[in-house]
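Hello,

Here is the structure I promised to pass on to you. Have a look at it first, and then read on for my notes on what turned up.

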Amino acid sequence: MKIETVRKAPLYKISNTRYFRISAPNYGVGYLKRLVVVDANRCVGCNLCVYACTNRFGFVGVSKSAIAVRSAGGVERGFTVVVCRACEDPPCARACPVEALTLRSGGGVTLNPNKCIGCGFCASACDIGAVMWDQESMKPVICTHCGFCVSFCPHGVLALEEVA
Amino acid sequence: MVDWIKSLSRVLYVDLTRKLFWVEEREDLFSKWLGGIGVAVQLYKEEVSRHADPLSPENTIIFSIGPFTGVFPMASKVVAVFKSPLNGFIAESHAGGRAAAVMRFAGYGSIVIKGASDRPIYLVIDEEKVRFRDAGALWGMRSSETVGKVLREALPAAGYRTIMRIGRAGERLVRYANVTVETYRHFGRMGLGAVFGSKKLKALVVIGRKGFKLPDVRTYREVYKEIYELTKGVATKKYHDLGTAANVSPLNAIRALPTRNFSSGSFEGAKNISGENLAEKHLSRRVACLACPVACIHLAAIREEYEDEKYFYKTENVPYDYELIYSLGSNLGIDDSYGLLKVIKSVEDAGLDAISTGVVLAWATEALERGLISPKETIVVLKWGDWRSYVKAVDYIVKQPNEFYRSLALGVEHAASKYGGLDFALDYNKVEPAGYHTGPLFHASLAIGARHSHLDAGAYSMDEKLVSSGGTPPPPEEAARLIIEEESWRQVLNSLVLCLFARGVYSKQLVEKALKALGYTIDSAKLTELAQAIYLEKHAIKFLEGFDPEKTRIPKRITETPTPLGHITENYLKAIIAYYAKLIKEYISRSTPPEFSQ
């Protein structure tokens, strides 16, 4: 099923006066997509996806990334790549006491940072640990499935997949 | 611009003696010297006195990163500067893994480790504090891999941390012990592991989860994209496909692969230990350092059946690279890929520098062959290609059960001075050479490079170019200039701090552009000036520590074994050394900064 939709990238608040809008391949007219891990065994652990994700907000580093890559108990065993699965019935949204997380069409959630009180329930509710925490803003980092990371994965680990 | 430098300028000082730590803002250093080696050399000048004993509390370890760390692809290295226990001069060693980016995201441009602990400890450093933890239970652990495993499970922040540790070799002060980072990367050369050991510092864990606001996101993204595409391209393909092991076959083909203690440049068993064969038979996974799309780290899996029980197997993982294949393979006459990997594994577990260990064992094998020593000294009979006895000998280097192995643990020159055989003891100023018998430029660069390493100037590739173009080595003065120019430029790369595999990607223009994107106002003329300044500063320190290049012993063996560019003559090397010595002495005489004259 193809869902025709016109979407605008969400606006992120960086400070009281500065806002930031992502421009990434998944925005605009198109089909709904979600980020998927195609094959974690192809991951070499370079973390360029993590840096790309943080860079959406004009930062370098790891603090604002919605992706985490860690070794699966020593790099010889490969890596665990944690990304939001875009659940149809996301536990994070159900755990939010202030309705800061709303369902995104195509799965997953959208964060309204103005409503968020930083309680962290969403992060504990996510069994796969895909709700990351920004220690600087004390708010969750929510994957928007924009696909910016995909364009910086050198080894085909990540992809955007059309939601059926 | 100011903010960006400021965010890099925090220097964390840790005093192991008093178990204290503090942070200083050192914008003075980071705005003048960029970061990395540039800053580390200045910190070394402040912290380490000329006559300090390398294994005493007076020695100080300085880790530094640079403006590109965690910011651009392949800026994946940390520079460590310390006084080398091998030769007593300023030394530098680089390691990848996760260490560099993690240091940046912990918020430190440099970490300075002073003093010495009275009992085994390990450090856990995060964005805010340093914890001094008891390492009594880790000290003496057989394998450095196990130490990593224990710390991995005991500490938080998986994926955002680096775990550096020493093995038993470092604890027992083997002068060429290394520091292992993330199990398969190393501060390999110059004996940082022994300095850790002398400070009773078993491990160093850094946790970093910060982010930094960029001054100009749009420009940054443009430059980033350009660099990213280049680092994925042909310039680094070789390192991705077969890794550095790809060098084995071509070097053997031009007769430049050091074999059996440099007695030959070609090895009849090269095919078995070539990158192609290792990949086909053993390669199990390729891994990358943080921020590097290349993934040059090649891990082999070796499956082994226990001798005491049928169908009882274990699988071990072993990293391999060109230098290990040379030093523990062809240089020891080992042509069995499985055996080679077993020797590498034993060196890894012990926490030894693979190059030095291989050269030391090659000398011992030849000395035994020539009757200078007997099996009474070596305990196991060392024979070219017999990897099982080399595995045992590696263990003896660590345990040092007799006088002979105590000498071996001090380096090849020390052992050869005592037992004879200096003519075939391969080292330059007590630093054992990397594996390129390509020609005179390479050996000259080992003699005059700051750390006597193939990484100082990469002069093997100058030789290789002459071989493929059919040229002849330039006159000594020109050769010296070429080597010094290359080594100088690398001071900028090592201040930024980049992996040298990216040296083909980061041209002077690109470096300038990338610096500009971060708000730096430094043009390429200034970069050249800075490169020379760092080069001269570093070498001047070494001279003032008592280094006299004209006393450098040139191993006779390298003049006996022909290179693809013919025989190397001692006079040619001496002329290059003389040119270099004059340059540095002139610099010292026209500018003696007060810090030097302590």
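**Helix pairs in chain B**

In chain B, helices α14(B) and α18(B) count as roughly parallel to each other, because their angle falls under the 35 degrees set for that class. Please keep in mind while reading that this is a predicted model. Helix α14 covers residues 354-369 and helix α18 covers residues 412-419; they pack at an angle of about 15 degrees, and their axes are 10 Å apart. The crossing of α14(B) past α18(B) is right-handed. On the α14(B) side the contact is made by B:Val359, B:Val360 and B:Trp363, and on the α18(B) side by B:Val412, B:Ala415, B:Ala416 and B:Tyr419. Sorted by class, this contact holds seven nonpolar residues, with no polar and no charged ones.

Another pair worth a look is α19 (residues 440-448) with α21 (residues 459-469), also in chain B. The axes of these helices come within 7 Å and cross at roughly 165 degrees. α19(B) and α21(B) are therefore roughly antiparallel to each other, and their crossing is right-handed. From α19(B), the residues in contact are B:Pro440, B:Leu441, B:Phe442 and B:Ser445, while α21(B) brings in B:Ala459, B:Tyr460, B:Met462, B:Asp463 and B:Leu466. Here the residues of the contact divide into seven nonpolar, one polar and one charged.

**Strands and a sheet**

One of the pairings joins β7 (residues 121-125) to β12 (residues 201-207) of chain B in the parallel sense, over five bridges. There, B:Ile121 stands opposite B:Leu201 in β12(B).

**Where the chains meet**

How many residues does each chain bring to the contact? Chain A gives 37 residues and chain B gives 40 residues. The area buried between the two chains is about 3000 Å², and carbon and sulfur atoms give 58% of this. Within chain A, the residues that lose the most area to chain B are A:Val60, A:Glu76 and A:Phe152, together 22% of what that side buries.

**Two backbone spots to check**

The peptide bond from B:Leu496 to B:Val497 is cis, with omega near -20 degrees. You will find B:Val497 in the loop between α22 (476-496) and α23 (508-517) of chain B. In chain A, A:Met138 has a positive phi of about 55 degrees although it is not a glycine. A:Met138 lies in the loop between β11 (132-134) and β12 (139-141) of chain A.

Best wishes

Definitions and conventions
Residues numbered from 1 in each chain as written. Chains lettered and ligands numbered in written order. Predicted model: local features only at pLDDT ≥ 70, side-chain atom pairs only at ≥ 80, totals over all residues. Heavy atoms only, no water. Axes fitted to C-alpha atoms, helices over the stretch in contact; angles between N-to-C directions. Helix = DSSP H or I, 4+ residues; strand = E, 2+ residues; numbered from the N terminus. Parallel < 35°, antiparallel > 145°, perpendicular 65-115°, else oblique. Left-handed = near helix turned anticlockwise from the far one by under 90°. Contact = heavy atoms within 4.5 Å. Nonpolar A, V, L, I, M, F, W, Y, C, P; charged D, E, K, R; others polar. Buried area = accessible area lost by both parts, 1.4 Å probe. Pairing = 2+ DSSP bridges.
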